[in-house]
Amino acid sequence: MDAQIVVLPGDGIGPEVTAEALRVLEAVARKGGHAFRFSEQLMGGCSIDRHGTALTPGALAACKASRAVLLGAVGGPKWDDPAAKVRPEQGLLALRKGLGVFANLRPVKVHPALLDSSPLKPDRLQGVDILVIRELTGGLYFGQPKGRDVRDGHERAVDTLEYQDYEVRRVVELAFRLARGRRRKVTSVDKANVLESSRLWRQVATAIGKADPEVALDHMLVDTASMRLVMAPASFDVVVTENMFGDILTDEASVLAGSMGMLPSASLGDGGPGLYEPIHGSAPDIAGQGIANPVGTILSAAMMLRHSLGLPAEADAVEAAVHRAIADGCRTRDLGGALQTSRMTDEILRRL
Ligand code: IPM
Ligand code: MG
């Protein structure tokens, strides 16, 4: 198979971890006789420095023309001025919207060898295997109006939580499809006791649930869900929710896995290129030291193999190699070990 892959290393540790994921993809290509053609583009703070904008039209066009996009991380203190007109995060939001990747898959699994790395009690973590699907191109992040004005002599700020039924339908339908290959349970998370947008969300989810009785659907309020995620995380299978609820809940859920550095994500739309990125950020405090955990990005590359490149066996093999490396005690610093970023990848490659 032959595929064009755009790499957006981004800022902070982004370039370090994407370089490691590329080593893994290259190993997969060598073994299977595939031709992955990588091309690099700027996105985030590095693009602001060079072009004055976080994502140029040219970089977006390259992403749109690719089969898949691998992203490291964006942002850092250099671009953090809240009054700044251009911000690295704008690039990420424009990319998600531009690619139309409305579903952000964030799997959270707890490796048995890392039960003690989480601040939660190990018995709570037994058997945790959650797939959070975060709606990614609508909701509070994108609703209009949005902005600042002055009303009655007071400065005012507005964000809008807005959904149309089809936006809810396509992401909840995907949740049901994916639940069928898992434990057949979907938890739709909303705030339907307060928000009108959540009442529409719940109405659409309920209709989809009625049409698909083989998958169990329950509804949970987002505040309850945030509590249940730490009280009984093993009770969840697939979780589907609004953009910002999903942003918050997945940071919370990442604690279950012992380190944010472990977790991958895939953002998918309707058949266009998928976007793959670790859920951790640019970690400016450790950038350039070669100590970042590459696992989140390597597992994101595995998701790319599965969801965009049609290579599910290769995806399984990468995940198994990561699993064995962790089982054998290979640890970067975030997990209490001393392996450098590239040594951790060496260990994974040896087991691939
Ligand atoms: C994430 C991040 C982003 C988001 C930021 C960097 C804009 O927190 O991917 O979860 O809020 O979506
Ligand atoms: Mg986030």
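Q: Where is Asp11 placed?
A: Asp11 sits in the loop between β1 (2–10) and α1 (14–32). Helices (H or I, at least four residues) and strands (E, at least two) are DSSP runs, numbered from the N terminus.

Q: What kind of model is this, and how is it numbered?
A: This is a predicted model, where local features need pLDDT of at least 70 and side-chain atom pairs count only at pLDDT 80 or more. Residues are numbered from 1 along each chain as its sequence is written, and side-chain values use heavy atoms, leaving out hydrogens and water.

Q: Is Asp11 buried or exposed?
A: Asp11 is buried, meaning under 20% relative accessible area with a 1.4 Å probe, protein chains only.

Q: Which backbone nitrogens lie by the side chain of Asp11?
A: The one of Gly45 lies 2.7 Å from a polar atom of that side chain. For Gly75, the distance is 2.8 Å.

Q: New topic. Which residues are around ligand 1?
A: Glu89, Arg96, Arg106, Arg134, Tyr141 and Asp247. Each has a heavy atom within 4 Å of the ligand.

Q: How far is an oxygen atom of ligand 1 from the side chain of Tyr141?
A: An oxygen atom of ligand 1 is 2.5 Å from an N or O atom there. For the side chain of Arg134, the value is 2.8 Å.

Technical notes: Chains are lettered from A and ligands numbered from 1 in the order in which they are written. Buried means under 20% relative accessible area, exposed over 50%, partly exposed in between (1.4 Å probe, protein chains only). Lys and Arg count as positive and Asp and Glu as negative; His and the chain ends are not counted. A salt bridge is a side-chain nitrogen of Lys or Arg within 4 Å of a carboxyl oxygen of Asp or Glu. A polar contact is a pair of N or O atoms within 3.5 Å; within protein, one must be able to donate a hydrogen and the other to accept it, and residues adjacent in sequence count only if both atoms are side-chain atoms.
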